[in-house]
Amino acid sequence: MLKFEPKKYLPSSSETTPEKASTVKVAQESLVIDDYEKVKEVVSILETSKTDITANYRDWIKIGFAFAGAFGGMGEDLFQRVSSNYPSYDSENCRKQYKKCLRSKKSGRTTLGTFFHLAKSAGISIDQTQPKVVPLPTKPKGVIPKEEVFRVSEAPLPVMPASVYKQLPNFFKEITAHAVREQEKDLLLLGSLTAISACLPNVCGLYDNNIIYPNLFLFVTAPASSGKGRINLCRRLVYPIHQHKRDMTNSQKTQYEVEMAEYFDLKKSKKGEAVSKPDPPREQLLFIPANSSATGAFELLANNDGKGLIFETEGDTLAQAFKSEHGNYSDGFRKAFHHEQISYYRRTASEYVDIQSPQLSAVLSGTADQVLSLMPDAENGLFSRFIFFEMQRQKEWRNVFLGTNTQSLDNIFDTLGQRYLQYYHTLEGFGNEIRVHLQPHQIEQFNTFFSKEYDKFQFLQKTGLEASLFRLGLICYRMVLIFTTIRALEGGTLSKKLRCQDADISNAITIVETLLLHTQKVYRYLPEKQTVLSREKTKKECFLEKLSLSFTTQEYKNIASTLHIPEKTAERYINQFVKKEYIERVGHGQYVHQLKKAE
């Protein structure tokens with residue numbers, strides 16, 4: 001089996017000097033590309049150019065042996081992608097053939113050199129896959145910012161491989177078929193996956209011994225004129241469900257008014273007798289407004305059995321809500337990702353409400369600055385819970401009148417939304433829990449991929465991104481839940497126990513593989529964590545230490561005054577402590593010191 005040899009991609013020690021140590025470290029991280037990454041880049045070029053190198057059966061078998069010997073079970077996805085360019089491609093036959101290659105003793109004899117030779121013979125320039133590292137001119141004085149030390153002249157962020165779209169369930173194929181660009185196709189796929197993740201009642205799976213539901217969080221970052229507005233089409237896919245819930249609520253409100261009129265009549269006619277007052281109907285909906293207060297957002301979530309979707313095309317809307325004293329439900333947002341219990345106090349009814357297993361999804365879009373306003377640093381916890389997809393600015397004018405004689409996209413997606421409403425009713429009326437299961441070889445494929453990625457993270461010392469990788473594992477499994485369920489609905493094979501198909505686990509892993517690169521790119525926007533400690537305690541640190549186990553607004557203002565901290569600054573510190581979960585706001589003007597509570 002070929003092994004990952006990082007040394008062959010690094011400069012020798014004689015080429016480096018102590019003065020350039022930090023620069024070389026960045027260069028090393030940029031140049032470390034193992035054999036798997038090299039093969040994957042060549043495969044991507046083959047897909048983009050629709051070049052088939054498997055028409056000859058012997059060549060096809062040799063590629064299978066090479067991938068099996070080098071990558072084991074993880075190489076199957078690459079084998080499928082290379083084979084997908086063949087006119088008579090069949091994913092199941094590929095899977096069976098790859099299994100034979102894994103079991104064969106010949107798998108170690110054929111090397112990756114055979115694959116590269118076949119690609120080069122087909123006109124693919126292997127050299128074009130090598131990244132070029134371009135040093136920037138250094139400044140004579142001062143500290144050079146991290147991002148200016150070394151910059152890789154890398155290609156634009158990758159789009160999803162064509163093999164993904166060939167293996168999608170038909171419903172997603174219809175959604176993405178209306179994209180005019182590859183980037184737009186990815187946008188519609190991720191947007192529809194996330195929107196639909198909020199509308200799969202009764203569907204769940206077991207992940208790390210916990211019951212998991214399909215809910216996803218998506219943030220699309222894009223500059224102006226990049227076409228991110230297309231994501232609004234995904235809202236139309238689930239809007240009929242929202243309207244269905246609103247119609248139910250309005251009907252119940254009408255009935256409630258009738259019952260209230262009867263209640264008052266009975267109360268007049270039966271003076272002195274106890275008459276039961278009807279309960280007001282719950283406010284049922286799918287879309288939860290991003291600019292709600294914390295209590296308002298949680299109440300809407302509770303009214304809908306803990307289920308909801310936040311769909312906001314301006315990330316600033318949610319960020320502003322989180323910054324306000326009564327609108328900061330960031331902690332609830334983080335808990336909802338893992339279906340952890342959310343508790344809140346409802347003043348009007350004077351009661352505490354527990355949402356036992358929240359199932360919240362979110363689709364957000366905005367600029368890189370809006371990411372920062374919502375997630376000021378990677379330690380915030382929100383960052384690692386999101387799928388990030390970065391779009392590039394549109395480079396040329398496109399014909400905006402193309403297809404004007406056909407049906408509008410709004411109408412097309414409205415029709416798809418009506419069809420999905422029928423799927424929703426089928427799931428809702430199923431009555432039983434629908435659990436999705438992975439087969440043993442799929443579990444091996446899943447673990448092999450994420451184990452390899454984690455080893456790479458450790459080697460490259462990508463500190464701060466580990467949480468994102470771990471949660472992308474959960475996100476990958478949630479995609480499997482969605483694909484498997486939609487495929488069962490299409491085939492009329494819905495049952496209490498659904499088995500994932502190989503195409504769906506391969507697709508989910510391939511999508512996450514692409515998203516990892518987008519996540520790393522967005523991560524660079526976040527400010528670097530300060531690692532140098534001050535010799536003396538700052539005023540902020542002293543302020544935090546002097547706060548009691550429980551205190552009021554007036555009490556923290558008195559403490560701030562003794563430390564010569566202005567009231568506005570103290571208020572800002574308190575909001576920061578709440579966001580970091582050092583203290584908890586338990587009521588209006590009342591706080592509990594979580595750090596001292598833990599002691």
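Predicted model: local features only at pLDDT ≥ 70, side-chain atom pairs only at ≥ 80, totals over all residues.
Helix α14 is followed by His339, whose phi is positive, near 60°.

**Helix α14 and the residue after it**

- The buried positions are Ser330, Gly332, Phe333, Arg334, Ala336 and Phe337.
- In an α-helix there are 3.6 residues a turn, so residues three or four places apart point the same way.
- His339 belongs to the loop between α14 and β7, the latter covering 342–346.
- The relative accessibility of His339 is 8%, below the 20% limit, and therefore this residue counts as buried.

**Positive phi values**

- His339 is not a glycine, yet its phi is positive, at about 60°.
- Asp208, likewise a residue other than glycine, has a positive phi near 55°.
- The loop that holds Asp208 runs between β3 (203–207) and β4 (210–212).
- Asp208 has a relative accessible area of 65%; because this is over 50%, the residue is classed as exposed.

**Aromatic pairs**

- Across the whole structure, a search finds 36 aromatic pairs.
- One of them joins Phe171 and Phe172 in an edge-to-face arrangement, with 6.2 Å from centre to centre and 75° between the planes.
- Phe171 and Phe172 are both buried.
- Phe551 and Tyr591 have ring centres 5.3 Å apart and planes at 10°, and the pair is therefore stacked.
- This pair connects distant parts of the chain, since Phe551 lies in strand β13 (residues 550–552) and Tyr591 in strand β15 (residues 590–593), 40 residues apart.
- Phe551 is buried, as is Tyr591.

**Aromatic cluster**

- A cluster linked by ring pairs contains Phe217, Phe219, Phe333, Phe337, Phe383, Phe386, Phe388 and Tyr523.

**Charges over rings**

- Lys185 places its charged end over the ring of Tyr165, 4.9 Å from the ring centre.
- Arg235 is positioned over the face of Phe287, at 4.0 Å from the centre of the ring.

Technical notes. Residues numbered from 1 in each chain as written. Heavy atoms only, no water. Buried < 20%, exposed > 50% of the residue type's maximum accessible area, 1.4 Å probe, protein only. Helix = DSSP H or I, 4+ residues; strand = E, 2+ residues; numbered from the N terminus. Phe/Tyr/Trp six-rings, centres within 6.5 Å; stacked < 30°, edge-to-face > 60°. Lys NZ or Arg CZ within 6 Å of the ring centre and 35° of its normal.
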